[in-house]
Amino acid sequence: MTGQDLRKLGRKDLLELLVAQGRECEQLKAELEQAKKELEGRRLQIENAGSIAEAALAVNGVFEAAQAAAQQYLENIQNLSERQEVLCAEREAACVQREMESRAKIGRELSEASKRAKQMEEETRQRCEKMENEAQEKAEAYWKDVSERLESFYKEHEALRKLLSSGEPL
């Protein structure tokens, strides 16, 4: 509207126009306030973008530290596992060695026991032979004695024998 158009308007119209412009002004102020808030939000985002970038770097540092810790943990587990394998191999070798020593000892003890058994068997056989010889000598001595007694008895009673063999009555 031009200045001439405004002069033609009446009070009421001018007031309405002024009220409409006031509303429009209020609306524009509200939009401006909204735009300011959005701008402030964007400024905070831009400022925080630096902070977020720093946070991302810090998080990456945390992740790197966690990765390093996990790697160190895995290395420690692998080292422990290798040590356990070495210990197990050493113990297994020691067990095999002990088993071989035990078998050798058992073999020696069996050999010694076999030798002792043979020795005892030989000693027993010799004692049996000795006892058999002694018994045979005693038996021969006994029979010799008995034979001598019978012979002596026979000689002492030869006259009786003749008498009995003649068949004459007594």
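What percentage of the 170 residues in the chain is buried? Buried residues make up 0% of them, where buried means under 20% relative accessible area, exposed over 50%, and partly exposed in between (1.4 Å probe, protein chains only).

The model is predicted: local features need pLDDT of at least 70, side-chain atom pairs count only at pLDDT 80 or more, and totals for chains, interfaces and linings use all residues. Residues are numbered from 1 along each chain as its sequence is written, and side-chain values use heavy atoms, with hydrogens and water left out.

Figure 1. Helices (H or I, at least four residues) and strands (E, at least two) are DSSP runs, numbered from the N terminus. Helix α2 covers residues 11–156. The chain exposes about 15,900 Å², an area computed by the Shrake-Rupley method with a 1.4 Å probe; for residues, only the protein chains shown count as cover.

**Figure 2. The salt bridge between E122 and R125.** A salt bridge is a side-chain nitrogen of Lys or Arg within 4 Å of a carboxyl oxygen of Asp or Glu. The structure holds four of them. In this one, the closest N and O atoms are 2.1 Å apart. E122 and R125 both lie in helix α2, three residues apart, which is about one turn of the helix. E122 is partly exposed, at 32% relative accessible area. R125 is also partly exposed, at 37%.

**Figure 3. The salt bridge between E129 and R125.** Here the closest N and O atoms are 2.5 Å apart. E129 and R125 are separated by about one helical turn because they are four residues apart in helix α2. E129 has a relative accessible area of 39%, so it counts as partly exposed.

**Figure 4. The salt bridge between D145 and R149.** The closest N and O atoms of this pair are 3.7 Å apart. Side chains of opposite charge can pair when their charged atoms come close. Both D145 and R149 belong to helix α2, with four residues, about one turn of the helix, from one to the other. D145 is partly exposed, with 32% relative accessibility, whereas R149 is exposed, with 59%.

**Figure 5. The network of E122, R125 and E129.** Salt bridges that share partners join these residues into one network. R125 pairs with E122 and with E129.
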